[in-house]
Amino acid sequence: MIAPDRPWPTELVLVRHGQSTGNLADAHAYATRSEVVDIAERDADVPLSPLGRAQAQAVGHWLATASEAPSPPEVVVCSPYERAHRTALAIVDAAREAGHDVATPRTDERLRERDLGWWDGLTGAGVRARFPEEAARRQRIGKFYYRPPGGESWCDVALRVRSVLSSLREEHPGRRVLLVSHQAVIMNFRLVLEGLDERSLLAIDAEHPLANCSVTSYAAGPGGLELRAAGDTRAVADVKVTDDDVDDEPRS
């Protein structure tokens, strides 16, 4: 158990990974009303796209040098999934190039993407077509509490987040911490840290979806960690990709 007076990190910055080839495949599947997302790798191995690599470099440079950005991190922890790990490495490289002493990113499986179980690789249309009874159950239970067969609900992810926060208070009190993770995980950090309920969290998720390499930051205050910025995309607003960036990208 953590002592009630255990201090928080002085700053907690949450970054969603850069655009991945899976994000592109998912967008294509949605646009074409496909039942399946066409990716060759397992979810843990999906790489960054060329744009995703550029976004990761840009957000790293912004965090390391921009006066309006959160302070450069002292500790970086990330999801072990390829797209998040590569984003974290880019952030650390940029911080080191700017002269900041940042340790090599440490992976933590609790920051991994939400497990979709049987639905992995399927679109919403695919679930409705192949598992209509389960799709109806999801509709009745709602996005927050529904657990796909063999997978996780958002509540399950929230339990992981609570465990991570407990560890951060135990291991990194008074330090600046940066976490690189995934959309559902970061949204559940908001749930826990801001005391949101189901309705308010899902409203934020629907109205303000997290962009790739967006930055959500908290700073220590009298009541714990207090929100400073949510889904900030200034770092990647002008990121472009050249033809040279695309040539060596593995196909998904």
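This is a predicted model: local features need pLDDT of at least 70, side-chain atom pairs count only at pLDDT 80 or more; totals for chains, interfaces and linings use all residues.
Local features require pLDDT of at least 70, side-chain atom pairs count only at pLDDT 80 or more, and totals for chains, interfaces and linings use all residues. Residues are numbered from 1 along each chain as its sequence is written, and side-chain values use heavy atoms, without hydrogens and water.

Six strands form an open sheet in the order β3-β2-β4-β1-β5-β6, with mixed pairing; strands are DSSP runs (E, at least two residues; helices are H or I, at least four), numbered from the N terminus, and two strands pair if DSSP finds at least two bridges between them. The edge strands, each pairing on one side only, are β3 (106-107) and β6 (224-232). Strands β2 (residues 75-78) and β4 (residues 176-181) run parallel and are joined by four bridges, with V77 opposite L179 in β4. Helix α6 (residues 154-171) packs on the sheet and touches β1 (11-16), β3 and β4, where contact means heavy atoms within 4.5 Å. The direction of α6 makes about 155° with that of β4; angles run from 0 to 180 degrees between N-to-C directions, with axes fitted to C-alpha atoms, for helices over the stretch in contact. Helix α7 (residues 183-194) also packs on the sheet, touching β1, β4, β5 (215-221) and β6.

The structure holds four aromatic pairs, defined by ring centres of Phe, Tyr and Trp (its six-membered ring) within 6.5 Å; planes under 30 degrees apart are stacked, over 60 edge-to-face, and the rest tilted. One of them, W118 with F131, is tilted, at 5.9 Å centre to centre and 45° between the planes.
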